[in-house]
Amino acid sequence: MKKFKKDLMALCFMASIIFSIIFYKLLNNGDGNINSLVTNVDKAIPFLKIFILPYITWYGYVAIGLIYLCMKNRRNYYTSLISLNLGILICYVIYVIFQTTVPRPIVTGADMLSKLVNMIYKNDNPFNCFPSMHVTTTYIIIKGINHTENNTVTGVVFNIIGVLIIISTQFVKQHVVLDLVFAVLLSEVIFRFINNIKKEDIDIFKNRLCRIHIIKRKLKNPF
């Protein structure tokens with residue numbers, strides 16, 4: 001029972017990701033100067049709607065990856081969680097000062113894949129592109145998984161799905177190559193930086209989060 005409570009408390013910190021992503025909608029508009037990073041390489045990459053399938057798995061991939069890390073290796077869980085929040089924050093800062101856009105194809109057809117693509121296009125304006133948050137968060141999960149002792153099947157599955165999610169951003173025309181490259185470099189730097197922080201510093205951060213959670217509960221239920 002005690003272990004269950006600790007696991008549940010640790011998993012509650014995943015709410016920080018949900019809180020961070022709320023601000024995405026506020027920044028996902030066409031206000032200000034909009035830049036284009038499209039290159040000839042991007043123009044040569046074909047639109048393949050089949051890749052919308054790995055693209056939308058991102059929504060579950062990050063959550064499942066964090067849950068797995070929480071149960072398997074608590075330090076790597078906190079390292080990945082902090083890296084994710086820091087990566088999202090940096091992406092937001094860049095979106096504010098350097099907003100880019102990606103031209104999208106007109107998708108016709110009544111098949112399931114076309115409908116999924118149009119659903120994503122409708123709910124995600126093509127403005128917050130550089131760096132790709134899809135790639136940033138996915139790559140950090142891959143790093144967390146690879147820094148954890150896994151059985152071969154688990155590691156391979158997470159890596160394959162993660163790579164498919166990353167390259168799907170190109171084939172569904174949600175991002176350009178530079179969005180992907182910079183996101184990978186940014187994620188690599190962030191994860192290495194957080195991973196090199198001493199364990200004592202991670203514990204201090206975790207204890208502070210715990211105290212904040214306890215204070216919030218007391219404020220909601222003072223009696």
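This is a predicted model: local features need pLDDT of at least 70, side-chain atom pairs count only at pLDDT 80 or more; totals for chains, interfaces and linings use all residues.
Me: Where do I start? How many helices and strands does the chain have?

Reply: Start with the secondary structure. The chain has 10 helices and two strands. Along the sequence the order is α-α-β-α-α-α-β-α-α-α-α-α.

Me: What share of the chain is buried?

Reply: Of the 223 residues, 42% are buried. Then look at contact range. Among contacts with a separation of 6 or more, 90% join residues 24 or more positions apart.

Me: Now the nonpolar core. Which residues in the largest one touch the most other members?

Reply: Such a core is a set of buried nonpolar residues joined through side-chain atoms. The largest here has 36 residues, and Leu66, Tyr77, Leu84, Met133 and Ile141 touch the most other members. Two or more residues come from each of α2, α4 (52-72), α5, α7, α8 (152-171) and α9 (177-195). Helix α5 gives the largest share, nine residues.

Me: Take one member. What is Ile141 in contact with, leaving aside neighbours within four places in sequence?

Reply: Ile141 is in contact with Tyr61, Val62, Gly65, Leu66 and Leu84. There is also a second, separate core of 10 residues. Val107, Leu113, Val117 and Ile120 are among them.

Me: Next, aromatic pairs. How many does the structure hold?

Reply: It holds nine. Read each pair by centre distance and plane angle. For Phe13 and Tyr78 the ring centres are 6.1 Å apart. Their planes meet at 50°, so this pair is tilted.

Me: Why does that pair tie together parts that are apart in sequence?

Reply: Check where each ring sits. Phe13 is in the loop between α1 (2-12) and α2 (15-27), and Tyr78 is in helix α5 (residues 74-97), so the pair ties together parts 65 residues apart in sequence. Both Phe13 and Tyr78 are buried. Ring pairs also link Phe13, Tyr77 and Tyr78 into a cluster.

Me: What is the geometry of the pair formed by Phe98 and Phe130?

Reply: This one is edge-to-face. The centres are 5.9 Å apart, with 80° between the planes. Phe98 lies in the loop between α5 and β2 (99-101), and Phe130 in the loop between α6 (112-123) and α7 (133-146). The two are 32 residues apart, and the pair links distant parts of the chain.

Me: Is Phe130 buried or exposed?

Reply: Compare its relative accessibility with the cut-off. Buried means under 20%. Phe130 has 14%, so it counts as buried. Phe98, at 29%, is partly exposed.

Me: Pro126 is in the loop between α6 and α7 too. What is Pro126 in contact with, leaving aside neighbours within four places in sequence?

Reply: Pro126 is in contact with Thr100, Thr101, Val102 and Arg104. Its relative accessible area is 21%, so Pro126 is partly exposed. Its C-alpha atom is 8.2 Å from that of Asn29, 97 residues away along the chain.

Me: Last, pockets. How much space lies in the largest one?

Reply: First the idea. Rolling a probe the size of a water molecule over the atoms shows where empty space is left. In this model the largest pocket holds about 580 Å³.

Me: Which lining residues are closest to the centre of the largest pocket?

Reply: They are Ile21, Trp58, Tyr59, Met133 and His134, out of 26 lining residues. Helices α2, α4, α6 and α7 each give two or more residues to the lining. The largest share, six residues, comes from α4.

Me: How do the lining residues divide by type?

Reply: The lining has 16 nonpolar, seven polar and three charged residues.

How values were computed:
Residues are numbered from 1 along each chain as its sequence is written. Side-chain values use heavy atoms; hydrogens and water are left out. Rings of Phe, Tyr and Trp (its six-membered ring) pair if their centres lie within 6.5 Å; planes under 30 degrees apart count as stacked, over 60 as edge-to-face and the rest as tilted. Helices (H or I, at least four residues) and strands (E, at least two) are DSSP runs, numbered from the N terminus. Buried means under 20% relative accessible area, exposed over 50%, partly exposed in between (1.4 Å probe, protein chains only). A nonpolar core is a set of buried Ala, Val, Leu, Ile, Met, Phe, Trp, Tyr and Cys residues joined through side-chain atoms within 4.5 Å. Contact means heavy atoms within 4.5 Å. On a 1 Å grid over the protein atoms alone, a cavity is a set of points where a 1.4 Å probe fits but cannot get out, and a pocket is an open set with protein on both sides within 12 Å along at least five of seven lines; lining residues have an atom within 4 Å of a point. Grid points are joined across faces, edges and corners, and a volume is the space filled by probe spheres set on the points. Ala, Val, Leu, Ile, Met, Phe, Trp, Tyr, Cys and Pro count as nonpolar, Asp, Glu, Lys and Arg as charged, and the others, Gly among them, as polar.
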